[in-house]
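Let's take a walk through a protein model together.

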Amino acid sequence: MAHLGAMGDKEKQARWWSPNMLSYFVAGGIAGATSRTVVSPLERLKIIQQVQPMTRAGQYRGVWRSLVRMWKEEGFKGYMRGNGINCLRIVPYSAVQFTTYEQLKKLFTRQGAKELDTPKRLASGALAGVTSVCSTYPLDLVRARLSIATASIPVQRVSSSAVPKLDANTFGMERRPHSAATSPAICREADLSMIGMTIKIMREEGGVHALYRGLVPTALGVAPYVGINFATYEALRGIITPPGKDTIGRKLMCGALAGSISQTLTYPCDVLRRRMQVVGMASGSLGYEYKGALDALITIPRTEGLRGLYRGLWPNLLKVAPSVATSFFTYEFVKEHLLAS
């Protein structure tokens, strides 16, 4: 009996820890890094538009004009600002997400014995999204801070005692006499790295706890997004890529449509996530004061209208279509080759 029990435990372990699982993990990581690098300029622009104050002067307006401005002010490095840590975050994030989704599909279908219906697809995607975001959230918050650290967006005027004196090693401009100035957030050169920004956040905003600011609304927003994304993609694959018609173009179209649909439906959650991530900034204040995620959800529509919940949507949609299409295509391509070898 003990022998049979040991055999049963080994079988259960083999179901979860298998060469297939490693293939899912590697393919997911490669897919994530590839897709994010392709759309890095639009990703950064989206974050800037989500968090910049509503004052008219100095705002990043329009996708093309903003990208040109970013190039003139910061060059190619401006397009890639925050992408290094984004890739560092997205590799484990995407790897965990795809692997968890594949394993949950096996669990819900009892190793393929049952068909995976839409509710189970949604549940698998939602749980995969929450798992991946909780495991990599500090990297996401630091990436968001790096994305806006050198952007010349309007910042609220604060008292002179709260603003560090600028010197040759400080990124910023002198404060103007009126209430808002168009200036990069005050940030030392040493802070413009993954480690530097992490230390800055922990030092100025309350230790390790500060690295998890906005985790709850992020998880609540990611769950429906990833669930809808996976469910829509698999449903579209059955329609657009039937047997014999699974060309590269059709596969990319499935990913682009799935990403656009899921992102549009859940975009307010993404705006809420970014606002919560910049609320505690000790320098270069953007003027946002929220008591919590629920307060932010009430305050944004009241002060900015419903439009405030969709700021940055257009560059995000331009980003999501190629990003998700590249992600799913790369994942399927790498997974098939790894499983075949």
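**Pockets, cavities and helices**

The largest pocket holds about 370 Å³ of space. Among its 15 lining residues, Q59, R61, R307, R311 and G312 come closest to the centre. A pocket here is an open set of points on a 1 Å grid over the protein atoms alone, with protein on both sides within 12 Å along at least five of seven lines; lining residues have an atom within 4 Å of a point. The volume is the space filled by probe spheres set on the points, which are joined across faces, edges and corners.

This is a predicted model, where local features need pLDDT of at least 70 and side-chain atom pairs count only at pLDDT 80 or more, while totals for chains, interfaces and linings use all residues. Residues are numbered from 1 along each chain as its sequence is written, and side-chain values use heavy atoms, with hydrogens and water left out.

How far can you trust it? The average pLDDT (the predictor's confidence in each residue, from 0 to 100) is 79 for the chain, and 78% of the residues score at least 70. Over residues 157-183, however, the pLDDT is below 50.

The chain has twelve helices and four strands; these are DSSP runs numbered from the N terminus, with H or I over at least four residues for helices and E over at least two for strands. Helix α12 (residues 313-340) gives three residues to the lining of the largest pocket, the most of any.

Stay with helix α12, where E332 lies. Is E332 buried or exposed? E332 counts as buried because its relative accessibility is 16%; buried means under 20% relative accessible area, exposed over 50%, and partly exposed in between, with a 1.4 Å probe and protein chains only. Leaving aside residues up to four places away in sequence, E332 touches Y233 and R237, a contact being heavy atoms within 4.5 Å.

A cavity is a set of points where a 1.4 Å probe fits but cannot get out, and the whole structure has four of 30 Å³ or more. The largest cavity has a volume of about 510 Å³, and R36, Y93, Y225, V226 and Q263 are nearest its centre among 35 lining residues. Helix α9 (215-240) contributes the most to this lining, with eight residues.

Finally, visit helix α3 (residues 40-51). Twelve of its twelve residues are buried. At 1.5 Å a residue, times one less than the number of residues, helix α3 should span 16 Å, and its end C-alpha atoms are 17 Å apart, which agrees.
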